[in-house]
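Have a look at the structure first, then read on.

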Amino acid sequence: MSSQTITADAAGTWKLGDLPVRRLGFGAMRLTGSAAFHLGTPSDRDRSIAVLRKAIDLGVNHIDTAAFYFSSLRSANELINSALAPYPDDLVIVTKVGPHRTYDGQWGTSARPEDLRGHVEENLRQLGRDHLDVVNLRRMPKYDSIAEHFGALAELREAGLIRHLGISNVEPRHLAEAQAIAPVVCVQNRYALDRPDPVTDELLRICGEQGIAFVPFYAVAVAGEGAERGAATAHDEEVRAVARAHGASPAQIRIAWTLHQGPHVLAIPGTGNPDHLSENVAAGAIRLTDGELNRLNGPRSAAG
């Protein structure tokens with residue numbers, strides 16, 4: 001398929017609270033280098049800035065980022081600020097708090113509730129904003145309950161530092177726990193074609209019923225070694241077959257499958273490559289048939 005003139009409009013729109021976004025967004029993590037966080041080699045600054053500006057030119061108005069997205073030379077938030085400020089009126093920047101990295105790139109102790117204001121203020125400073133559009137609380141495994149942390153963010157929302165709240169890396173019970181404190185506009189969990197997860201399937205369903213955006217991360221990445229490898233191999237075969245039928249890449253089919261999981265599902269594939277960016281955005285125009293969806297879901301159902 002040709003990706004030269006396809007924009008993010010092709011994927012349709014959804015709302016994060018009162019903020020309309022195109023369902024095909026952009027994840028900023030890979031802007032900083034050849035691999036996530038401090039791994040790999042740092043990115044070329046000019047190229048990363050060009051990718052961000054091209055995303056806007058292609059109609060992307062939803063960028064997912066975090067203050068802990070940085071490599072030895074690059075910060076995703078600083079790149080976003082440098083490339084896009086003053087920001088387009090319709091641009092929605094979503095960030096997340098909870099995890100913490102020290103200045104040398106190592107993971108530090110997960111945030112306590114009283115630490116979250118500092119995390120929010122750091123995002124504000126790096127992005128050059130007076131408020132954050134959406135902040136996701138990413139639950140760390142050591143915290144079974146998110147009530148105290150989410151409550152701290154709800155106070156910052158009341159203070160005007162945050163417009164909307166979301167949650168990440170959660171189960172349905174955490175969504176209910178958060179909603180008892182403040183509105184939740186999005187849920188961000190790992191979710192992919194070759195990674196069956198009944199708990200997240202249930203969360204996806206609940207979000208659809210309640211009009212909450214569901215935002216998968218690592219939706220394009222293939223499952224790793226070990227128990228998931230057989231499922232990944234089976235998925236690869238089906239994905240390649242469907243990709244050939246559409247003249248598309250396997251990554252585009254994975255993105256299209258993600259968007260087909262419901263009108264409330266948003267995709268945020270990330271890249272530091274301008275050509276890959278165009279391909280990712282073009283995936284929003286792919287319409288999979290019921291037969292193709294059944295074919296793609298076959299190995300998933302067998303593995304689940």
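Where does T271 lie? T271 sits in the loop between α8 and α9, where helices (H or I, at least four residues) and strands (E, at least two) are DSSP runs, numbered from the N terminus. Keep in mind that this is a predicted model, where local features need pLDDT of at least 70, side-chain atom pairs count only at pLDDT 80 or more, and totals for chains, interfaces and linings use all residues. Residues are numbered from 1 along each chain as its sequence is written, and side-chain values use heavy atoms, leaving out hydrogens and water.

**Around T271**

With a relative accessible area of 8%, T271 is buried (under 20%; exposed is over 50% and partly exposed in between, with a 1.4 Å probe and protein chains only). Not counting residues up to four places away in sequence, T271 touches F26, G27, R30, L31, V51, H276, L277 and N280 (contact means heavy atoms within 4.5 Å). A polar atom of the T271 side chain also lies 3.0 Å from the backbone nitrogen of N273.

**The pockets and cavities**

On a 1 Å grid over the protein atoms alone, a cavity is a set of points where a 1.4 Å probe fits but cannot get out, while a pocket is an open set with protein on both sides within 12 Å along at least five of seven lines; lining residues have an atom within 4 Å of a point. Grid points are joined across faces, edges and corners, and a volume is the space filled by probe spheres set on the points.

| Space | Volume |
|---|---|
| Largest pocket | about 1100 Å³ |
| Second largest pocket | about 330 Å³ |
| Largest cavity | about 60 Å³ |
| Second largest cavity | about 50 Å³ |

T271 turns up again at the largest pocket: 44 residues line this pocket, and M29, R30, Y218, G270 and T271 lie nearest its centre. Helices α1 (45-57), α8 (250-259) and α9 (274-282) each supply at least two residues of that lining.

As for the second largest pocket, 16 residues line it, with A67, H100, R101, E122 and Q126 the closest to its centre. Its lining gets the most from α3, which gives five residues.

Lining the largest cavity are G98, S110, A111, L137, R138, R139, M140, Y143, S145, I146 and H149. Around the second largest cavity you'll find L16, H62, D64, V94, N136, C186, Q188, V215 and I268, with β4 (62-64) and β8 (186-188) each supplying at least two residues of the lining.

How values were computed:
Polar contact = N/O pair within 3.5 Å; in protein donor to acceptor, adjacent residues only side chain to side chain.
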